[in-house]
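Dear colleague,

Please find below the sequence and structure that I am handing over to you. A summary of the findings follows.

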Protein chains: 4
Amino acid sequence: MVGGGQGAFIGRVHRLAAALDGEFELVCGAFSRMPDNNQHSGALCGLPPERIYADWQQLLESEHRRPADQRMQLLVIATPNHLHVPIAEAALQAGFHVFSEKPAALSLREAQHLARTWRASGRLYGLAHTYLGYPMVWQAREMVREGRLGALRKIHVEYPQGWLGERLEHQDNKQAAWRTDPALAGASGCMADIGTHAFGLAEFISGHRVEALCAALASHAEGRRLDDDGDVLLRTDRGASGTLIASQVCSGEENALKIRLYGDRGALEWQQMEPNSLLHRPYQAPMRILRAGIDQPELCPAAMQRLRLPGGHPEGYLEALGNLYRDFAAAIRRGDQGDVEGVPGMASGLRGMAFIEAVIASQASERKWTSLPDTDPTGA
Amino acid sequence: MVGGGQGAFIGRVHRLAAALDGEFELVCGAFSRMPDNNQHSGALCGLPPERIYADWQQLLESEHRRPADQRMQLLVIATPNHLHVPIAEAALQAGFHVFSEKPAALSLREAQHLARTWRASGRLYGLAHTYLGYPMVWQAREMVREGRLGALRKIHVEYPQGWLGERLEHQDNKQAAWRTDPALAGASGCMADIGTHAFGLAEFISGHRVEALCAALASHAEGRRLDDDGDVLLRTDRGASGTLIASQVCSGEENALKIRLYGDRGALEWQQMEPNSLLHRPYQAPMRILRAGIDQPELCPAAMQRLRLPGGHPEGYLEALGNLYRDFAAAIRRGDQGDVEGVPGMASGLRGMAFIEAVIASQASERKWTSLPDTDPTGA
Amino acid sequence: MVGGGQGAFIGRVHRLAAALDGEFELVCGAFSRMPDNNQHSGALCGLPPERIYADWQQLLESEHRRPADQRMQLLVIATPNHLHVPIAEAALQAGFHVFSEKPAALSLREAQHLARTWRASGRLYGLAHTYLGYPMVWQAREMVREGRLGALRKIHVEYPQGWLGERLEHQDNKQAAWRTDPALAGASGCMADIGTHAFGLAEFISGHRVEALCAALASHAEGRRLDDDGDVLLRTDRGASGTLIASQVCSGEENALKIRLYGDRGALEWQQMEPNSLLHRPYQAPMRILRAGIDQPELCPAAMQRLRLPGGHPEGYLEALGNLYRDFAAAIRRGDQGDVEGVPGMASGLRGMAFIEAVIASQASERKWTSLPDTDPTGA
Amino acid sequence: MVGGGQGAFIGRVHRLAAALDGEFELVCGAFSRMPDNNQHSGALCGLPPERIYADWQQLLESEHRRPADQRMQLLVIATPNHLHVPIAEAALQAGFHVFSEKPAALSLREAQHLARTWRASGRLYGLAHTYLGYPMVWQAREMVREGRLGALRKIHVEYPQGWLGERLEHQDNKQAAWRTDPALAGASGCMADIGTHAFGLAEFISGHRVEALCAALASHAEGRRLDDDGDVLLRTDRGASGTLIASQVCSGEENALKIRLYGDRGALEWQQMEPNSLLHRPYQAPMRILRAGIDQPELCPAAMQRLRLPGGHPEGYLEALGNLYRDFAAAIRRGDQGDVEGVPGMASGLRGMAFIEAVIASQASERKWTSLPDTDPTGA
């Protein structure tokens, strides 16, 4: 693991989720550029001192030198955004599989470079879009695929948070600091951090591709250098319209990712904060609530495989991320190359970057609609 | 009452709501152009045959000729949109007070003409924005006014319905028929019918005025002549941003008007389908649920006056509309002129028309932002 | 109307509900034993002074002397419990129909006497079990009847309130005062006031008759003379078991009447505070939410007839009571005798009294089970 | 681990939860009496063949013979009830710590014997009352302790499930089979299996001890040999009253453990299926919703320590059980003896058995109240 030292949020989350099914063992890390934090973090994880590395370069080099059966297999990248690509490329080239935090890169161009490196490497690459590990997200996707909603007309996705209502970046809050710094986070703050989750969820469940959008971004906290909020109109390649809302200044909201999809035969609604329920509104029939659980009726195999417990035993965020790790482990075990079945990968990463770039371009434009750039991962 | 014969929805609603507090008695009507329906509807309401009129012209003329203490005082207009202004103007000029269904007119220009007629008449004019009669809407407005949310940053209002998912206008459904006919409904379908409610609610609670918007309208049901759906970005005169969603093709949705307002000190959320709760998210403190009821803590006088029952005895839509009637009765009794205190009036009507026109203009435009036309009701 | 002067709760509720559909007009009243309150209350209702009577005896006498087409038709009894029977009997004997607040009487014996008077009178008698006017309660009953739940196994009904957590009866609160005074309320406080509602609801929906119970009553507010709380085990004549909870000291609860019924083929859940939803749990299939509304799928005729609005336009408590008034009006119009179709009547009253007596007896007993006394209203 | 082979539910749950924080590693097991299942289960867990034992006796013996630093430290007992005590006693006597599924024993007498064995052993003993690992349960308990509810008046706890609505024990369902067999489950089915959870939760949060109860048990599925349902009236040592409902035949219910506590200054409500919210109803103030999350306001240290994620990232059942494992690990690391801080232990086990015995006695009795036997774990 690179990144994820004390004071970071997501590093520990990865360690918990990876441990859940016993598929992965943390064997080495470069957790922080601060030597004390780095050592301390590694020790807390029970690592021997020789595998707590000063930086990611040293980590890759040293692990690479170890005998094949004693070296790290998968590198988890849990750093601020600007390091995602440099580390990922170096790791892939050194022969390691990579599981990276999102967004994949700082720019679409950088992501495309990464894509080429990845394809050349023959290694596996996955992106930590945790929400795509939730069983009921797979259930929703399957119901759309089966035509249970008919033709999709509307997609409304929203991701309100409230934690950046004030300028925490001036209050020694590390997470706020890098997320609002263009050099570390990239051209977008909120949209890159959580808008991409909302976007990815919408495309994943609907199977549509957003082809154009119209964005209004804002920095509500005075003096903030990146967007902390944005509202976006969407138009998909198959005729659906809708909205995407992402914000970090919605007072009192926690992590309220929610999606609604309306088709001419029915509708679905799912909320991340209550992830074990999926609301289904069949056309002209009473609403039904599908529930997560290995004993629950009507769930599709893809949802079932991502559940561990019977109905009424709530599974949550760590289990969702754990599902991505489980699928990653299976792909490694099978000796797969390229995409990791069940885990968002390079295609998602490129789409996410295309979304961010389109949002930024739209915000700068006086025209209503901005097309998303093409991101075919098999392209040049 | 004009309109509201058998087969109509809103006429009966007005009669029930007006009866609730015993402030008004239905004394005459022209309910339908079909003589049978008209006579039948009037008889069901217990009217004597001589006060069931063939049309609204005859109603105004005949009532006007009756002795002052035996004539109708207030005319309720419950017709399709294209008749709102002709009837309202004739009634005001004949000396009657008017309570009209929304939207006020077919166009802003027509509404401005009505406004001049109204000011000259010295009569009272109210608009049936029923949702502004809900007690917790007044509570929300008061909390915003008091600064409980701090500076408003975001306003998200939505009004999804699902009843027009198919072309009911081809299935002998009267309500669908006129609402999707430009000659009867005006230049907009969904936005005029329910978008105006959402818009009016947002301006009422927030105290902000929307100054520009960006709209994407759609007619999802094939061949429909007016919009049945739309997503709108909003920008207010005081720096808030947000979205307005209105749709009649959201399968399974009933009448799900909902508003959220986020300020730097807290947030509010209210849903029409569960109108007796108001969610309050103070900044960095647990969410609270304010509840309707004459015995409930913390409610402001404006909310209290609009309640009839103690907490836990649900009040609903008829009570909300009844509140508008009660306020109208009080204004008549006091001999007020012009605006009806507590009831949306000409200013709301003009704003609603400005919204519709801006939405239509935005839809036709390739530019991102369209300003709302000025609607100062005291202007020329 | 007798009772319901200023300071009372239920009198005004009756007036609003009776007005809703325009079926009844308040023509006379004896609202309070305090002359000032009485006159004032009557004047507020718009009554002429000569029909505001000093007491119920005078009301009955004077109304009886009026010409048949100018006299009151239906007497509404909205007094404390101890007057229900004396007034009802005098009114029935004077030839008036009676709509009485519950409980029907102070004791089962008194209720049986009333039943005999009623049968001899040929007049209509109804009991204001408002909750039995809710459309979704009828829907639930119909679904049980149709066998949608299979054989009922469990009935859990509860009615927690919190308003009597302190001794308001010592703080000049009229409603608290009579409800906690055995001379005015009878042998039970909470169980007579709201326990009977819960009991009646359970028997109404289930179609079962409670045959034995085990009660633990309490007076949690120190020094209170009647029960303010109680928990009861139930056993029905058809093999179901369950619980009934009623309390007035559950801090923070408003009026949270709720019932759940479980059968071997499914279950239902309904809550009075959100009365427009009915949860249906079919056996081994996802939960469904049936919604109130004249346009909603799957509702039975009995539910439909008790609705006024399409889905998503919430109807509440006044509408529920209005339904009882509407059914009462229809029965008067048809010239019915005896029971009022659609309105709880003497049979319910007797069952309610049997419940209260059994609860009191059980509380005093050391034996686990106490049978409910027989209440056949056609018996001697 | 003993028990928990393929087809069992709880064994896998223990393995996942123990892995979550990386505190424990599964080193050996006797998963099933069927050799194939046993071998297969152990192999799936990645155990070497020599540490997959044929039975628990062999497991204890062999592990005991291993060098101290290479042997199992903690034995997890995940068998049917009748083996809990024999295995626990043998393990404690062999010097191992024990973490046992509930109930602790088949009878209070057997549990008392175990308690003596445990005290003599100097080893740690914990009971898998998973629900007592939920952070918001600790929050609730702390708020009661701090007097936020004032004097507790009412406790209502319920645990409805629906999975045993039919006689699955005749359909080759292992879990149903042993739970309904008196020889394997003990004198009670439902009350031992889930009633004890509800009971333990009520005593844990309230700090009261139930001193008497009145139970009505039932076997709704025809021919079932143990109770599958029961309703219980409760009375505590400090004057609170209430109810406990546990059932396995409530169609459509999953695992709906819920508790409500009402005091004279406020109330709390918590539901296991939505474990990250705690409803707080302060007396005469709006309801508040406290939310789980390491960044959430107002949480007590005991709740905070049991959380891993910020608000809005749902934690669930595995995390709750993981908290018990984490506390167990800390106690082992500190070298504690006797009780495991933060984990329900022998005292809970004895109380649970006292509850079961009282329930069984009450069911057999015609008297209303049955006292709970004394269970002082320090007694003879």
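Predicted model: local features only at pLDDT ≥ 70, side-chain atom pairs only at ≥ 80, totals over all residues.

The size of an interface is often given as the accessible area lost when the parts come together. Between chain C and chain A, about 720 Å² is buried, and carbon and sulfur atoms give 72% of that area. As to specific interactions across this interface, the rule finds 0 salt bridges, while 2 residue pairs are in polar contact, both at pLDDT 80 or more.

Turning to chains A and B, chain A is superposed on chain B by a rotation of 180° with 0.0 Å of shift along the axis, at an RMSD of 0.0 Å. The two copies are therefore related as by a two-fold rotation axis. Within chain A, Lys368(A) has the C-alpha nearest this axis, at 2.0 Å from it. Of the interface residues of chain A, 100% are also interface residues in chain B, so the copies meet through the same surface.

With strand E9 of chain C (residues 258-263), E5(C) runs antiparallel and is joined by 6 bridges; here Lys154(C) stands opposite Tyr262(C). With strand E8 of chain C (residues 241-247), the pairing is parallel, over 7 bridges, and Ile245(C) in E8(C) is the bridge partner of Glu158(C).

With kind regards

How values were computed. Residues numbered from 1 in each chain as written. Chains lettered and ligands numbered in written order. Heavy atoms only, no water. Least-squares fit on C-alpha atoms with pLDDT ≥ 70 in both. Contact = heavy atoms within 4.5 Å. Pairing = 2+ DSSP bridges. Helix = DSSP H or I, 4+ residues; strand = E, 2+ residues; numbered from the N terminus. Buried area = accessible area lost by both parts, 1.4 Å probe. Salt bridge = Lys/Arg side-chain N within 4 Å of Asp/Glu carboxyl O. Polar contact = N/O pair within 3.5 Å; in protein donor to acceptor, adjacent residues only side chain to side chain.
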